[in-house]
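Hello,

Here is the structure for your files. My notes follow below it.

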Amino acid sequence: GAHAVIPPRRNAKPWKTITAGAVARNEALRACKYLGRALWRRRSGYHRRSRVETKMHCLKLLGHRLIARDFDRQVAGLQVRIAVLNGYTALGIPVTKVAG
């Protein structure tokens, strides 16, 4: 039940329908031009995907490897990393004041 959600390039042209995946790509291209890129990303779910990728990158910054060898301890180690990440997320993004 999965479907590809790949944003077309800004200067993309429709593909011939004989190629694999051309129908889905052409529909994404039409929707992107009709709705605009920002709205298309939200409606297609691409926005959610990119947010998940960003969080996974942050999680990897806390450590690339699993230290424990036992599976239960590996799970616990990941849960600790996620708790730390959630703690940082709960603090929020700092807002800088503009002088003037």
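Which pattern does the chain follow, read along the sequence? The pattern is α-α-α-α. The chain has four helices and zero strands (DSSP runs numbered from the N terminus: helices are H or I with at least four residues, strands are E with at least two). The radius of gyration is 20 Å, well over the 13 Å that the globule rule gives for 100 residues, so the chain is more spread out than a compact globule (C-alpha atoms; the rule is 2.2 Å times the number of residues to the power 0.38).

Two notes on method. This is a predicted model: local features need pLDDT of at least 70, side-chain atom pairs count only at pLDDT 80 or more, and totals for chains, interfaces and linings use all residues. Residues are numbered from 1 along each chain as its sequence is written, and side-chain values use heavy atoms, with hydrogens and water left out.

Extent: the C-alpha trace spans about 55 × 50 × 20 Å along its principal axes.

Burial: 14% of the 100 residues count as buried (under 20% relative accessible area, 1.4 Å probe, protein chains only). Val5, Ala28, Cys32, Trp40 and Tyr46 form the largest nonpolar core (buried Ala, Val, Leu, Ile, Met, Phe, Trp, Tyr and Cys residues joined through side-chain atoms within 4.5 Å). Leaving out residues up to four places away in sequence, Tyr46 touches Val5, Pro7, Trp40 and Arg41 (contact means heavy atoms within 4.5 Å).

Contacts: of those with a separation of 6 or more, 33% join residues 24 or more positions apart.

Best wishes

How values were computed
Buried < 20%, exposed > 50% of the residue type's maximum accessible area, 1.4 Å probe, protein only.
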